[in-house]
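Good morning, colleagues. Please turn to the structure on the screen, which I shall describe briefly.

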Amino acid sequence: PSSAANKPISLRYEQQRGEKSEIFMDLLERLTVLFAADGTVLRSEVDGCIQMKSFLAGNPMLRLGLNENLVVGKLQVGHGLGGAVAVDDCNFHECVNLSDFESDRAISFLPPDGEFTVMHYRITGGDNQVVVPFRVFPFVEFVETGRVDVVVKLRADLPSTTYGTNVAVRVPVPKSTTACGYDLASTLGQSCEYQHERRLITWRLRKLQGGTEHYLRIKITLPDATSRSARREIGPISMDFEAPMFVSSQLQIRFLRVMERNRSYAPLRWVRYITHSDSYVCRV
């Protein structure tokens, strides 16, 4: 099933719209991260965009403000930025007027018909530029001859007021595995499945609240002779998720204004943030 982040704005909101004067705006980010086994970020990348669909009578001019401390350009990223939000590069729809962008990080535009991408941006870097919502910590234990356990610790580094949803953690086990069991610390909103044909464990969590930790123990049975050599075939661990009302870049829509002189004209403005995994991998 398609995720909320991949559904067109027009499909999500068509029934809500009715005859109201409304603007719908989504700030979407696809997150790529590679972790070391100790949770250190080895590589990270954000592919982000601001998408919009307008249902405004008369098609008035719109003004959109982003973070005042937004820094654009890889060459400007370095020490002394403080709490600035830094993006490597960005580009805008052809309808956007950028005359005020350098001075106050605001843009203005007459929205075209239909859904369109106002802005696209990209960020590469480590923890200092990309806020990583979840971390995976694998621990391999040689219990006895022919038995290897993998303990997977999943930590949600999100604020406690936010959460991840549609979470799936996948752990490949050695090809020589003869049997595989598992123990979940909690089964509330969680499930686990072992597919022997694929030698794959899939751990699913319906909701992963910020500030929490969860554990999975995988019990792998191997032929005695392959116990140590099979260690190299465990992993890498991959993770899929969505995180509503959270963005890894910390980019924010500061304001969204309709430049209409008639004060009685007050359209509804809907702004949504969501981050979802693109490639989220942890080495074992």
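**Contacts, sheet and surface**

Among contacts in the chain with a separation of 6 or more, 74% are between residues 24 or more positions apart; contact means heavy atoms within 4.5 Å. This is a predicted model, in which local features need pLDDT of at least 70 and side-chain atom pairs pLDDT 80 or more, while totals for chains, interfaces and linings use all residues. Residues are numbered from 1 along each chain as its sequence is written, and side-chain values use heavy atoms, without hydrogens and water.

The chain has 2 helices and 19 strands, taken as DSSP runs numbered from the N terminus (helices H or I, at least four residues; strands E, at least two). Of its 284 residues, 48% count as buried, that is, under 20% relative accessible area, with exposed over 50% and partly exposed in between (1.4 Å probe, protein chains only).

Four strands form an open sheet in the order 10-11-16-13, with antiparallel pairing; two strands pair if DSSP finds at least two bridges between them. At the edges, strand 10 (134–144) and strand 13 (179–184) each pair on one side only. Strand 11 (residues 147–156) and strand 16 (residues 213–221) run antiparallel and are joined by 9 bridges. Opposite Arg 147 stands Thr 221 in strand 16.

Finally, the surface. Where is Leu 110 placed? Leu 110 lies in the loop between strand 8 (106–109) and strand 9 (116–124). Leu 110 counts as partly exposed because its relative accessibility is 44%.
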